[in-house]
Amino acid sequence: MQLIARGILSENPIFKLALSMCPAVGISTTVMNGLMLGIAVLFVQVFSSITIAIFKNVIHPRIRIPTYTLTIATWVTVIDLVLAAYLPEAYAKMGIFVKLIVAFAIITMRLEMFASKESVNDSFWDGLGMGLGFMVGMMVIGFFRELLGSGAILGYDVLGFKPLLFFILPSAGFFVVGLMMAFFNWIEIYYKRSKGLR
Amino acid sequence: MMTTLAKTKYILLTALFFCFAPLLAQAEGLVADQSFKGDNEIIVHFSGPVDRAKAEDVNNYTVFEEPDPDIRLVLKSATLSKDDKSLSLSFQEPLNTALPHVITVKGLVAGIEKTTFTVSKSYLGYLFGILISALLINNFVFTKYLGLCVFFGTSKKKTTAKGMGVVFTLVMVVSALMSWFFYNFILIPYDLNFLQIVVFIGLVSLTVQAVDTVLRKVNPILFNSFGVYLVLVIANCVIIAVPLILANNNYNVFETFMLALGAGGGFLLALYLMSSVSERMQLANIPPTFKGLPIAFIVAGQFAMAFLGFSGLQLF
């Protein structure tokens, strides 16, 4: 439970660790896109963590990084083919980013830092937490961009008008992520200050 | 630094040489030469005189863009020059000159029922178009949002940015060419297309390892200054994206080379621009909440908006 909370809050891959930001900027135009890619990453993260945790005693330390990469590549191939077969529309929207999960720094980092040392059970929960953290981050960015850009959430028209069409444009992703990071920093600074005053 | 730059120069020269080779092709039989003029006219030169009455009748022509044969383009007029050898076709709508157009004419010369030929832009122009597209219009950092981790990590100082960009371009070109070879001669013939991710990431890591070893021996100073980043190169989406894109689009070897060169150059350009701004930002008075990554993101967003201006750019 603690491991999950850590992945979502204190070590959120997108806002705290600032890793795997390409998709966070690139395709988080709607909540749905964020959710879909989040699920794909969650799947790859959990299964790679379990695989590495099972085989951690067999893998020679000198070839561990290539092993991680190939493990991730295998699981990415699985989710890539599954999505292409069962959800072709969503797959077309995400384009090349599903295949690029293979290059996400966050997955390799979790394998190196956690799964290669801890038990299978803990690795599963850690992978789940990190994957969920990524998914939540993507959905939050998607939520703001969809709400401000097209006045809708999950495709349903909520506001009835389009406040800032700019946010649906790809380049706005940078602004949204930057502003949200600043917001999290602000909370942290504010929290520290109030604590220091007490 | 110097050796790498010198190497890039040689690579560029070889590339130019290869690009000129495929120019010596096309044109056979009756049609000697064909080209676009402006955006709604096609000029055709024939090797001999043709039947004036047939050639000037608009109903004898069928014209379509190669990808969709069902959509016929409407001709406004066809004019033959006085010596019966060159023909000018003008169209009602502007043509998309980026695509090849297929033209079929009925009975141009007595005895031949149909003449079919294709009009397209010069191959060199097309290759250059791929380069410019990857460099500016579809810049990998600012319009495709790839490689952001390294982009934000190494764009603090101009010198690092330059070195990093050159290393990237080098690795990208080598790995893209290798991936092209493997894709076309191993993955496709043996029907192993589903393995592309595994094979491409393996090839990329291999190239990075090779560059690492070579650089360590050839130029230790250079290696010390960005040996650290070489590790980052493996886990980077830009490098793995190039092979995936070329596999998607079925590029040939020249197109692959141009795409990789453009992508690497675009990355270098983005890094350099960003590092120039970061150097200025160190002196600026930034609010504490925005220090570090947030402001970098916002600057990148502004660059991305500026790069939007390149969309629709067409040189050839």
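Student: Does Asp191(B) count as buried or exposed?
Tutor: Count neighbours. A residue is buried if 20 or more other C-beta atoms, placed from the backbone, lie within 10 Å of its own, exposed if 12 or fewer, and partly exposed in between. Asp191(B) has 8 C-beta neighbours inside 10 Å, so it counts as exposed.

Student: What kind of model is this?
Tutor: Residues are numbered from 1 along each chain as its sequence is written, and chains are lettered from A and ligands numbered from 1 in the order in which they are written. Local features need pLDDT of at least 70 and side-chain atom pairs count only at pLDDT 80 or more, while totals for chains, interfaces and linings use all residues, since this is a predicted model.

Student: Where is Asp191(B) found?
Tutor: Helices here are DSSP runs of H or I with at least four residues, strands are runs of E with at least two, and both are numbered from the N terminus. Asp191(B) has a positive phi of about 60 degrees, although it is not a glycine. Its place is the loop between H5 and H6 of chain B.

Student: Which loop holds Asn250(B)?
Tutor: Asn250(B) is not a glycine either, yet its phi is positive, about 55 degrees. With 10 other C-beta atoms within 10 Å, Asn250(B) is exposed. Its loop is the one between H8 and helix H9 (253-281) of chain B.

Student: How far apart are the end C-alpha atoms of helix H3 of chain B?
Tutor: The expected span is 1.5 Å times one less than the number of residues. H3(B) covers residues 123-137, so its 15 residues should span 21 Å. The model agrees, with end C-alpha atoms apart by 19 Å.

Student: How far apart are the C-alpha centres of the domains of chain B?
Tutor: The bounds come from an automatic or database domain assignment. It gives domain 1 (31-121) and domain 2 (124-308). The distance between their C-alpha centres is 43 Å.

Student: Which helix gives the largest share of the side of chain B that touches chain A?
Tutor: Two residues are in contact if their C-beta atoms, placed from the backbone, lie within 7 Å. The contact takes 30 residues from chain B and 35 residues from chain A. Helices H4 (148-153), H6 (196-218), H8 (237-249) and H10 (293-308) of chain B each give two or more residues to this side. The largest share, nine residues, comes from H10(B).

Student: Which residues of chain A does Ile240(B) touch?
Tutor: Leave out residues up to four places away in sequence. In chain B, Ile240(B) touches Phe200(B), Ile201(B) and Val204(B). In chain A, the partners are Leu100(A), Val102(A) and Ala103(A).

Student: Which element of chain B has the highest mean pLDDT?
Tutor: pLDDT is the predictor's confidence in each residue, from 0 to 100. The mean for chain B is 78, and 85% of its residues reach 70 or more. Helix H1 (residues 2-20) of chain B has the lowest mean among the elements, 58. The highest, 90, belongs to H9(B).
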